[in-house]
Each structure stands twice: as C-alpha cells, then as structure tokens.
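I opened the model to look at how its chains meet, and then at a few single residues. My notes are in the order in which I looked things up.

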2 protein chains.
Amino acid sequence: MKTYRVAVLAGDGIGPELVRVTIPILRLASYLYGFELIFEEALVGGTAIEATGKALPPETLEICKRAQAIFFGAVGGKQWESLPPEKQPERAALLPLRKTFSLFANLRPITCYPEIIDASPLKPEIASGVDLLIVRELTGGIYFGQPKGRVLTEQGERAIDTLLYDTSEIERVATVAFELALRRKKSLTLIDKANVLESSLLWRKTVKEIANNYPEVDLKFMYVDNAAMQLVLKPTQFDVLLCENLFGDILSDEAAGIAGSLGLLASASIGASKFGLYEPAGGSAPDIAGKGIANPISQILSGALMFEYSFQEEEAAQAIKDAVRDVLKEGYRTMDIAKGSATYCTTEEFAEKVAQKIEINFKKKKQEGS
Amino acid sequence: MKTYRVAVLAGDGIGPELVRVTIPILRLASYLYGFELIFEEALVGGTAIEATGKALPPETLEICKRAQAIFFGAVGGKQWESLPPEKQPERAALLPLRKTFSLFANLRPITCYPEIIDASPLKPEIASGVDLLIVRELTGGIYFGQPKGRVLTEQGERAIDTLLYDTSEIERVATVAFELALRRKKSLTLIDKANVLESSLLWRKTVKEIANNYPEVDLKFMYVDNAAMQLVLKPTQFDVLLCENLFGDILSDEAAGIAGSLGLLASASIGASKFGLYEPAGGSAPDIAGKGIANPISQILSGALMFEYSFQEEEAAQAIKDAVRDVLKEGYRTMDIAKGSATYCTTEEFAEKVAQKIEINFKKKKQEGS
Ligand SMILES: [Mg+2]
Ligand SMILES: [Mg+2]
C-alpha cells in the first residue's frame, strides 16, 4: 500500500484544535481510497518557544525532513509579539521552513461555493462561479531584496527597500503556474506593473518564454491596480493568477475577502518537487482559540490540497472537497458563517459531519458500481 | 468679485466631450455662488502631439502657470501607444505637470450614493454608507526610486526596482491627509507593510510624529494586504486612507471597483499650495469617444473637487454634488450604469439635467430664505 509520511505542526491558537479534528478526516479518506498516512507530530511556533526556546526546534526540522509533506496549523499570538521580529513565531518558523524546503510558490485557491455564496460580500450574481487560483512567488521580491534599510540624511531619514528578481526565480514559479493551469481552465494571467517597474518587464519577458512550452494555456497580462479592481467587478474572468510576492500577498487577501472569510480558504506552499507545506489561509486567531467555534473548513481543505499536490491522490482530495460542500448544502455552519436558517455547529461537530459524509458518499459510489 | 483662472486641458478620447459639457455647469455654479471663472483652453496629450509634436507643449505649461487650477480631461489612445514610453501622452504630459507644480498628493474620494448603490458589485448592505478618501503619495516610491534597471547575470538577468522615501516626502503628504481628515470624520488609517518593509517603518514613525499636531484625528495602522480584504468586507470602516504611491495605486482602483465604475469618480492631484489638477478617475476610453455615451459624473465631480480644494468655494462644490445626486435620484443614467427602470441619458443630456438642478435647488434655497 502506498504510504505517505506527514509532519504535523499544529502550532498555536486555533491551530491545534483545527488540526486535531482534521486528522481523522484525512485518515478516513486515506483508508477508503487505498493509501496509508503516517503522522508525526512536532512542536512549532509560540508553543515550541515555550517548550524549547525556539520557534522551529531542530527535532521539528528533522521530522519535516523525513516527511513528504508538512500539515501546518497556525502560529503566533499576543504573548510572543514583544520578541524581536526575527524570533517571533511567524518569522522564525515559517521563513526557515520555506527556505529549507525551497517552497517558492504559494497557492491560494478561491472558490465561492453556491452553498455559502451568502458569505461573500459580493452580490450573488457576481460571486457565483468564482473558481480561481492565485500562485504567489513566495521567497523573492521586495520582502527580501538587498539593500534594505534606513540612513540618516541632512533633512531626516531615508528608507530603502529593494524589489529584485532573477530570471531563475521567475522561471520556476511560472512553470508551477503553467502546470497548474493545464490541470484547470488553461488560462493564466500574469499580474504586474510593467508600465513602471523594471522587475515587471523581466517577469513579462520570462513568462512569455515559459509560455512557449505550454501552447494550450492562454496567457494574459494585467496591471496589478486593474486586477485589484477586476477582482471586485468580475472575479469569474480569472483562472490562474501568477503574481510576484507583494502583489500576490495583496491580491490573495483581497480574493479571500471576496470568498467572505479566511476561515474557508486553504493554502499550499510548494517547490519544484512534490514536497509541500499545507496550512489554512487564516491566522492563529488566539481570541477564539479553545472555544470550539473556529471554522475547520480551511484546515480540512488544506488536507485535500496536500492529497492533490503532494500525493497525487486526486480521488481522495475530491472526496473531501465534495463532503465539505455536501455538509454546507445540508445547512450546517460554524458560527463565523452561520446566517438565517443555518444549523449551528462546533468545530468538532462540523468536522465529524464531513467525515460521515465522506463515508456515505464512498458507499453510495460503490453501490452505484463506479 | 473673486476670480479664479482655470487652465482647461481636455486632451484625448472622451476628455473633450466630458470637459465641454462640464464647463457650463461650473460657470453656472460660479455665477450663482458669487465668483468668476476664467477658462483658458490648451492642448495636451495625443491631440497636442498631433498639433505640435509634444504631449505638453510649452504654451500649455505657460497657461497652467498663469492659472490657479488645471481642469483636465484625459489623455492617451491606441495611435500613440507605439511611441517610446517617455513620449507617450500619459507619461509625457501628466508626469511633468506633477513635477512642475509639485503635485505630490493624489486624492480619490469614493462615495457609494444610495441612488446608485446598484452600480456597486457589493451587496447593498455592505456598500451603503461608503464615504472614504484615499490620499496617495504620487511622486515618490518604487515608480521613481533609483537604482532601477536590469543587469545580465551568469544565469540570466536580474531586475531591480527601488522603493525609496525621505522623511520630507512623507511629512508633506501626511500633513495633507491629516488636514483633510479634520474636515471629514477625523479618522486616518495609514496603509503600510511595516512587518516587512523598512520604508513602511519610516512611514509609521513620521506619520506618528505628524499626528502630534492633530490630536483630534484618530490614527490607525493597517497592513496593505489586510486593507485590500477589509475594503471588500467592510468598506464603511474607513474615512481617510493614507498610502504610499504603489499601495495607493492598487487600493484606489480596488475602491473604484467597489463604487462600481471609474465613470463615477473624481480625482485631484494637489501639493502644499492650493494649486491642483482635477481629472476624472477613468481614462480616455477611446472606444466610446464621440458617441455621446460617456458618463460625465466623474468630470463634473472633479469640478466640485476643484471648487472645494483650490478655491475653497465649498457651497458651490456642495451644490454641484447635490445636483448630481438629485438627477440620479430622479432615475437618469448614462448607459454605463443604466439598469432596470432608469431613464437613459446621453452625456450632454445628463450634464444639462445637472445644470438645471443646480439652478432649481438654488432658487428653492433662496425662497426658503436660507
Ligand atoms: Mg497577506
Ligand atoms: Mg492605477
């Protein structure tokens, strides 16, 4: 039987409770769809700082290295905000993980399910049918470019940040985006600001070259300011959006707003191999931690993403996504998206419904002889 | 009688027709509210290239220098897109104007009038009450910072853009933003990315210092990615948003999307003095030029902005804004926003309705003895 080893890094805030209720779902799906998962838990984030003094202890990194994927909860919280920036949970855990495993592409699928179209702030006729994927370059650009700093001048201070990209950094993430577009609606929009940025000109040139290897994919270009407007006016026009780091950061949060809640959205950070880190799009939300009210959908869908991208277990991934939709269709909601006649569920109850639905759907399919 | 001299630069595409129908409105309002306008027309953009070889001829610049404000239409069109970038209408006309007159602050007011709430892609309950002002730094930041360019490397190319700000550039635009906040709901949100950008740290520090002069203004901070999400989820939480150049470019177009159409939005570029350039937020839209279908609201409201900021003629400005709302309330619409039972108007008809309404409202007020 195919076996996949998963490093489980639950972290802080709502991370542990989301991960805890999701693991049984993943295990069930793997069992039904004929593969085995070996979960290895490890400390990360503030929890790891408390226990070991480090946000990413060496043992955790070892466990990740043995695994084929990292299933991540969330990190961060008020009590660690006073630490120096480089020791804070987010920076001291996620950045080294991305670096160690060369996770240069962040994937953020945004789907407005008809079942929860009312969660979107957009009118239903505009949100309906949204199914886009933001591919964000994650390890380059203005967040990391040197020089970066502040100098005293005669009149005050001067601050400098550098937006820097090499051809190779663009090539590798563009290749990921084109490969994903092939498996979707075969449309890719490069988001840039080529009318004013030199880096955008290099992105356009490089992406056009990569496009030669993917003649089936329809390549378009759009300025980032226009894209920010189009995402609101007509989000269904997009399939895959390829963005440099900062633009992807901004647009993926805007797109999350369009879906209505970060609690619905999964996220993957991947590289050139099949290894990946899977996590909810939202944060550790310490204010609602431990109350059993957090929405587990983002964590559950992160598991589906892991099945899809790291394990190529597409059937099991689809089974999870279908089950989430079916449970929503039956009217069950966690508090953050409960409206009108919805049946309110706790985190655990919702996850349990999803597990039941996976099993029911599987049996139904089997009886139908498919 | 107070007299204001206005340089009228109608430009290309729909610019001339929008400006042509708006001038009588401005003249009427000035007459009713007791001041005089002297309009001087001048060539700009592609039209000026055709006539003189230059997008901003010296005579045009002279006319602008004699004036207290520039009333601008739009520039650009397909026929000039093959020119080298620095000769194209937008870059060769607007950039030197901004530079000559030190127009470092771009103002973009976004209001979702109840009368045209259906133009917004957001649900009415979310768009209703939106009344925000984006103050964008216009002459610094990553669009202009040096070094900027591309170099060959062993593996390919490297592209570099530099995001650079001096204290003084931040101080002057922050002062403008605080002054405007004082005249509004006294709430100012600085949009930045202070968790990763050095320039954002300098913005925070400088803006906090300026805030000491404005104790009545409530100052908040928000990361640009979160702001992109919050604008969609709950746009009514904002009053004045202060942004560095790139962030302001992106968020002002997103906010325009929220209003539903660039055709509704005015824009002002101002400096430390009262001199300003006023223009519609949309472009020259050559595809609809000359058809009489363009929406004149953005041009008309740009006139109101000019009255307000450059001439301090607030009563006349308010009269124009009220008239636009009243005409919308009566169901008149240009094609771009006509829906349902609306009465369709041409550009000229709509403007004529606004003029009539200004006169009617003025007489009514007078009779009421106010
Ligand atoms: Mg973000
Ligand atoms: Mg723009």
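**Ground rules**

I am working with a predicted model, in which local features need pLDDT of at least 70 and side-chain atom pairs count only at pLDDT 80 or more, while totals for chains, interfaces and linings use all residues. Residues are numbered from 1 along each chain as its sequence is written, chains are lettered from A and ligands numbered from 1 in the order in which they are written, and side-chain values use heavy atoms, with hydrogens and water left out.

**Entry 1: the interface**

I looked up contacts first (heavy atoms within 4.5 Å). On chain A, 54 residues are in contact with 54 residues of chain B. I then looked up the buried area, which is the accessible area (1.4 Å probe) that two parts lose on being put together, summed over both. For chain A and chain B this comes to about 4,600 Å², with 61% of it on carbon and sulfur atoms.

Next I looked up polar contacts (N or O atoms within 3.5 Å; within protein, one must be able to donate a hydrogen and the other to accept it, and residues adjacent in sequence count only if both atoms are side-chain atoms). Between chain A and chain B I find 26 residue pairs in polar contact, both residues being at pLDDT 80 or more.

Which elements of chain A supply at least two residues each of the side that touches chain B? I listed strand S6 (145-152), strand S7 (157-166), helix H7 (198-211), helix H8 (224-233) and helix H9 (245-259). Helices (H or I, at least four residues) and strands (E, at least two) are DSSP runs, numbered from the N terminus. S7(A) gives the largest share of that side, 10 residues. By class, the side has 26 nonpolar, 11 polar and 17 charged residues. In this scheme Ala, Val, Leu, Ile, Met, Phe, Trp, Tyr, Cys and Pro are nonpolar, Asp, Glu, Lys and Arg are charged, and the others, Gly among them, are polar.

**Entry 2: S7 against S7**

S7(A) and strand S7 of chain B (residues 157-166) run antiparallel and are joined by 9 bridges. Two strands pair if DSSP finds at least two bridges between them. A:Arg158 stands opposite B:Asp166 in S7(B).

I also looked up salt bridges (a side-chain nitrogen of Lys or Arg within 4 Å of a carboxyl oxygen of Asp or Glu). The rule finds 6 across the interface of chain A and chain B. A:Asp166 forms one with B:Arg158, where the closest N and O atoms are 2.8 Å apart.

**Entry 3: B:Glu157**

B:Glu157 lies in strand S7 of chain B. Is B:Glu157 buried or exposed? I note it as buried, because its relative accessibility is 12% and buried means under 20% relative accessible area, exposed over 50%, partly exposed in between (1.4 Å probe, protein chains only). Its side chain makes a polar contact of 2.4 Å with that of A:Lys205 and one of 3.2 Å with that of B:Arg150.

**Entry 4: B:Tyr4**

B:Tyr4 is in strand S1 (residues 2-11) of chain B and is buried, at 9% relative accessible area. Its side chain reaches the backbone oxygen of B:Phe311 at 3.4 Å. Leaving aside neighbours within four places in sequence, B:Tyr4 has contacts including B:Phe35, B:Gln68 and B:Glu313.

**Entry 5: B:Ala304**

B:Ala304 sits in helix H10 (residues 297-309) of chain B and is buried, at 1%. Beyond four places in sequence, B:Ala304 is in contact with B:Ala317, B:Ile320 and B:Lys321. B:Lys321 is 17 residues away from B:Ala304 in sequence, and the C-alpha atoms are 6.9 Å apart.
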